[in-house]
Amino acid sequence: MSAAPAAGAAAPARITLEGVAKRFVTARTSVDALGPLSLAAAEGEFVVLVGPSGCGKTTLLNLVAGFETPSAGRVLVDGAAVAGPGPDRAMIFQEPALFPWLTVLDNVAFGLRQHAHMAAAARREVAHEYLRLVHLDGFERAFVHELSGGMKQRAALARALAPQPRALLCDEPFGSLDALTRERLYAELQELHAVTRRTTLFVTHNTREAACLADRVVVLSARPARITSVLPVVLPRPRDFYDPHVSELAREILARLRGPAIGDGRDA
Amino acid sequence: MRDAGTARRRPLVLLAFLLALLLAWQAVWSLGWLPSYSLPSPAQVGTRLVELARDGTLWPSVQASVVRMALGFVLSLALGLALGVAMGLSQTADSCLRSLFLGVQTLPSAAWVPIALLLFGLNDAAIYFVIVMSSTAAMAIATADAIVHIPPVYLRAARCLGTAGPALATRVALPAALPGVVTGVKLGWTLGWHGVVSAELIKSSVGLGYLLHAGRELNDAAQVVGVMLVTIALGLVLDRLLFASIERRVRARWGFAPGAARG
């Protein structure tokens, strides 16, 4: 894997879930959180997973990230089983999770440390580049508490993308932002994806968000999450949040979320 | 609500309060309820302090106590942080040390002095020992708690960014725990200061504790009260100047203080 700063130098990953299930067992109870389900995200694909609150969407991302291990089935990245968290799979969390003891620039440069041969100056240069990409140039020396919610998530995006992960896992990253900020970030995330082409798994319960961002929408059932339907999205990009086709698709997703669990026969 | 006006008035309010305390002290003395050898007047204390400063008794003692404290504290800090990190990261270390440290913490500083003298004899090593035993446990427990309560999302984010092993401790866990650690270190400083003065009370020929002891031996109440005031003032100044400002800055940057968002 190259450490060259140019975007898209590392190939995006292919993510496969084969019959994956997760059951949480404690002393007093056991909870089926997920599956079994199978799913594949192609190289560079933007897959949005939509499901009701508490359905196990986050568990699914945690399995791919390597924070949890599946109770059954396999999680594969390019055919190799996931053995734990690693820099090939970046994650964006609900809260920005930026490090408050570092400046914005040092946050974005944080993941570049893994490239041992990269000089400090080169790391800073790459971090600058990614800050420009998320329109945060000028805030390099700011500390996290000085940023607004939207700026924090932009910085978190830059930090995740700077080390050139091969996949990006997003766990409702815009959930706690105000509507205006969120809508701007939809446009920016689409731009970023067009440039970086990271394979992306994006979890949300917002159907319009799903319609706006996805190459493919995967609708999940209530816990334990199973795939109830899959909708490929062929609308041209960049998509406007208020585009009537996006609205129409969002309604369709909502109908499938609400309706009885209807498989549409397509392979996930 | 507090506003800018009350903030500006705060030093004045404090000054007025201290003045009132001084007046009350003077009044109690003037009423003559207590014999003059047990309660000196503010003026007597002031005069005695000036004498102690003039005849070269006070400054070497202040210096001795502060230097002992600084050395003992550095030792204690290093030990406390190392043990605290170990406890924070290892369940085994925590199980072994936590109850022990909580127990040790219940001992007053002065209770360490006899064993310190037996172990180290009549020298400064005994004083350092008392400082370390007084303050290390509190700092270790605070550090361990701060590490245990790190938001897990910081560690997850770091692991996704390729951080593992010792780097996870030094580059993420420790800085993430800093606000709690700073609070523990501040407490440790106060406890260590107790330790220095306690140890000097019993064994020393110079130092604030020694001056207190000497004052009692000579039935010099003015010296005793004067040196107590100096000890309080020094402790307060070091706490305010050193630790309070660090703590405030850290808490603000870590997002514990409101009103800093730009957005």
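Tutor: Two strands pair if DSSP finds at least two bridges between them, and a strand is itself a DSSP run (E, at least two residues), just as a helix is a run of H or I with at least four, both numbered from the N terminus. Keep in mind that this is a predicted model, in which local features need pLDDT of at least 70 and side-chain atom pairs count only at pLDDT 80 or more, while totals for chains, interfaces and linings use all residues. Residues are numbered from 1 along each chain as its sequence is written, and chains are lettered from A and ligands numbered from 1 in the order in which they are written.

Student: How do you know what pairs with S4(A) on the S1(A) side?

Tutor: Strand S1 (residues 15-25) of chain A and strand S4 (residues 72-77) of chain A run antiparallel and are joined by five bridges. Among the partners in S4(A), A:Leu76 faces A:Thr16 and A:Arg74 faces A:Glu18. The strands belong to an open sheet of four, ordered S2-S1-S4-S5 (chain A), with antiparallel pairing.

Student: Why are S2 and S5 of chain A called edges?

Tutor: Strand S2 (30-41) and strand S5 (80-81) each have a single partner strand, so one side of each is left without a neighbour in the sheet.

Student: What makes H1(A) count as covered?

Tutor: A residue is buried if 20 or more other C-beta atoms lie within 10 Å of its own (12 or fewer makes it exposed, anything in between partly exposed, with C-beta atoms placed from the backbone), and nine of the nine residues of H1(A) are buried. Among them are A:Lys57, A:Leu60, A:Asn62 and A:Val64. The helix (residues 57-65) lies across S1, S2 and S4 of chain A, and A:Gly66, which follows H1(A), has a positive phi near 95°.

Student: How do you know that the other sheet of chain A is mixed, and which strands are its edges?

Tutor: Six strands form an open sheet in the order S6-S7-S8-S3-S9-S10 (chain A), and the pairing is given as mixed. Strand S6 (89-92) and strand S10 (227-232) pair on one side only, which makes them the edge strands, and the twist from one strand to the next averages 15°. A parallel example is strand S7 (residues 167-171) with strand S8 (residues 199-204), joined by five bridges, where A:Ala167 has A:Thr199 as its partner in S8(A).

Student: What is the orientation of H4(A) relative to S6(A)?

Tutor: Helix H4 (residues 149-161) of chain A lies across S6 and S7 and runs at about 175° to S6(A). Axes are lines fitted to C-alpha atoms (for helices over the stretch in contact), with angles from 0 to 180 degrees between N-to-C directions.

Student: Why are H3(B) and H4(B) called oblique?

Tutor: The axes of helix H3 (residues 58-89) and helix H4 (residues 91-106) of chain B come within 6 Å and cross at roughly 125°. Angles under 35 degrees count as roughly parallel, over 145 as roughly antiparallel, 65 to 115 as roughly perpendicular and the rest as oblique, and the two helices are therefore oblique to each other. Residues are in contact if their C-beta atoms lie within 7 Å, and B:Leu83, B:Ala86 and B:Met87 of H3(B) meet B:Ala93, B:Asp94, B:Leu97 and B:Arg98 of H4(B).

Student: What makes chain B a helical chain?

Tutor: Its secondary structure comes to ten helices and zero strands. Of its 263 residues, 37% are buried, and its C-alpha atoms fill a box of roughly 70 × 55 × 30 Å along the principal axes.

Student: How many residues does each chain bring to the contact, and which helix gives the largest share on chain B?

Tutor: The contact takes 25 residues from chain A and 18 residues from chain B. On the chain B side, helix H7 (152-160), helix H8 (166-202) and helix H10 (221-253) each supply at least two residues, and H7(B) gives the largest share, six residues.

Key:
Two residues are in contact if their C-beta atoms, placed from the backbone, lie within 7 Å.
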